[in-house]
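Hi,

Here is the structure I said I'd pass on to you.

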Amino acid sequence: MLVLLLGFAVAAIVTNRDGLAEALRETAPWAIPAAFVPGLLALGTSLGQWRSLLADVGSRLPWRPAARIFFLSQLGKYVPGSVWSILTQMELSQQHNVPKRSVLTVGVLSIAIAVTTGLTVAVVMLPFAMPDALARYWWVLLVLPVLVSLLVPAVLNRCLGLVLRLARRDPLPKPPSWRGLGTTASFQFTTWLLLGVHAWILLIGLGAPALSALPVAIGGYALAYSVGQMAIGLPAGAGVREAVLTLVMSTVVPAPAALLLALLSRALLTLVDLTMAGTQYVIGRRATAKAAEVAEQA
């Protein structure tokens with residue numbers, strides 16, 4: 001399974017190799033490693049979001065096994081179908097006696113919270129840089145109140161209970177709470193900020209003015225990523241995220257440069273996923289080998 005996921009992730013980079021080569025030529029050399037760092041930190045806060053939400057529904061995992069499950073599962077984003085990350089999390093969580101219904105619920109809620117907070121960031125940030133932002137993205141104002149109302153614990157828990165009864169599954173060990181959802185949202189807002197800084201660094205590397213590019217980077221990336229997550233069936237929102245990102249970023253750099261940024265950003269974040277998944281795989285192999293050695297000596 002991991003080999004299959006790895007193959008799709010690598011293919012996401014290889015298929016865009018010509019555009020990436022041009023992006024690397026056009027971008028200031030310092031911007032590439034600099035943009036990698038906030039991308040790496042954003043994946044770390046995403047882990048915090050997933051772990052805190054899992055704890056809120058009754059399954060608290062230590063950081064080390066949570067990191068292994070989460071980072072390995074991120075390779076599932078690159079497989080068409082939008083469910084492979086969650087399925088991978090369900091499979092790996094069985095080693096720690098986490099109920100499958102809890103992992104599935106957390107996976108769906110994580111997407112809902114990410115989209116809701118991402119659209120909120122877009123509504124707040126984009127008008128500072130784009131006076132016509134609300135006129136262009138008016139539909140966000142219609143979708144956002146619906147998403148927020150569905151995430152109110154009283155409404156959310158009734159919906160979850162109904163779905164679980166229809167699926168003939170036991171209730172969650174613990175229903176989501178205001179405190180848990182608030183902590184999860186805080187992690188997600190931090191993730192959007194870090195991803196915005198990631199895009200901002202790339203914009204500067206492509207010649208954008210630093211001050212005016214910051215709100216565009218934060219709001220534009222949150223909008224593009226959120227819309228990509230709503231594109232169910234596409235691997236990691238492929239195509240949709242790049243289209244929205246190019247459209248928004250072209251307000252501070254020429255459209256061809258904005259497209260290069262979109263391709264370069266996806267490649268860097270894919271590299272982040274591969275780095276953290278590979279690290280967890282190596283750590284897991286070493287731990288298994290060490291445990292086998294101890295058992296043999298005993």
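Let's start with lysine 77, which counts as partly exposed because its relative accessibility is 22%. On this scale, buried means under 20% relative accessible area, exposed means over 50%, and partly exposed is what lies in between, using a 1.4 Å probe and protein chains only.

Before going on, keep in mind that this is a predicted model, where local features need pLDDT of at least 70 and side-chain atom pairs count only at pLDDT 80 or more, while totals for chains, interfaces and linings use all residues. Residues are numbered from 1 along each chain as its sequence is written, and side-chain values use heavy atoms, with hydrogens and water left out.

**The salt bridge**

What does lysine 77 pair up with? Its side chain meets that of aspartate 273 in a salt bridge, at 3.0 Å from N to O. The two partners come from distant parts of the chain, 196 residues apart: aspartate 273 sits in helix H13 (residues 255–297), and lysine 77 in the loop between H4 and H5. Aspartate 273 is buried, since its relative accessible area is 2%. The structure holds one salt bridge, a term that stands for a side-chain nitrogen of Lys or Arg within 4 Å of a carboxyl oxygen of Asp or Glu.

Helix H13 also contains glycine 278, which is partly exposed with a relative accessible area of 31%. The C-alpha atom of glycine 278 is 9.9 Å from that of arginine 68, although 210 residues separate the two along the chain.

**The overall layout**

How many helices and strands are there? The chain has 13 helices and zero strands. Helices (H or I, at least four residues) and strands (E, at least two) are DSSP runs, numbered from the N terminus. Of the 298 residues in the chain, 50% are buried.

Helix H12 (residues 240–249) is largely enclosed by the rest of the structure, because seven of its 10 residues are buried. Among the buried residues of H12 are Arg241, Glu242, Leu245 and Met249.

**Two helices side by side**

Next, look at helix H3 (residues 31–56) and helix H10 (residues 178–205), whose axes come within 8 Å and cross at roughly 170 degrees. Axes here are lines fitted to C-alpha atoms, for helices over the stretch in contact, with angles from 0 to 180 degrees between N-to-C directions. H3 and H10 are therefore roughly antiparallel to each other. The residues of their contact split into 14 nonpolar, 14 polar and one charged. For the angle words, under 35 degrees is roughly parallel, over 145 roughly antiparallel, 65 to 115 roughly perpendicular, and the rest oblique. For the residue classes, Ala, Val, Leu, Ile, Met, Phe, Trp, Tyr, Cys and Pro count as nonpolar, Asp, Glu, Lys and Arg as charged, and the others, Gly among them, as polar.

Most residues other than glycine have a negative phi. Asparagine 97 has a positive phi of about 60 degrees, although it is not a glycine. You'll find asparagine 97 in the loop between H5 and helix H6 (100–129), where it counts as exposed at 72% relative accessibility. Arginine 168 also has a positive phi, near 60 degrees. Arginine 168 lies in the loop between helix H9 (153–166) and H10 and is exposed too, at 77% relative accessibility.

**A greasy spot on the outside**

Which residues form a nonpolar patch on the surface? They are Val83, Trp84 and Leu87, with about 260 Å² of accessible area together. Patches are made of residues with over 30% relative accessible area and no salt bridge, joining like charges within 9 Å and nonpolar side chains (Val, Leu, Ile, Met, Phe, Trp, Tyr) within 5 Å. The areas come from the Shrake-Rupley method with a 1.4 Å probe, and for residues only the protein chains shown count as cover. Valine 83 is in the loop between helix H4 (63–73) and helix H5 (84–93), and it counts as partly exposed at 40% relative accessibility.

Cheers
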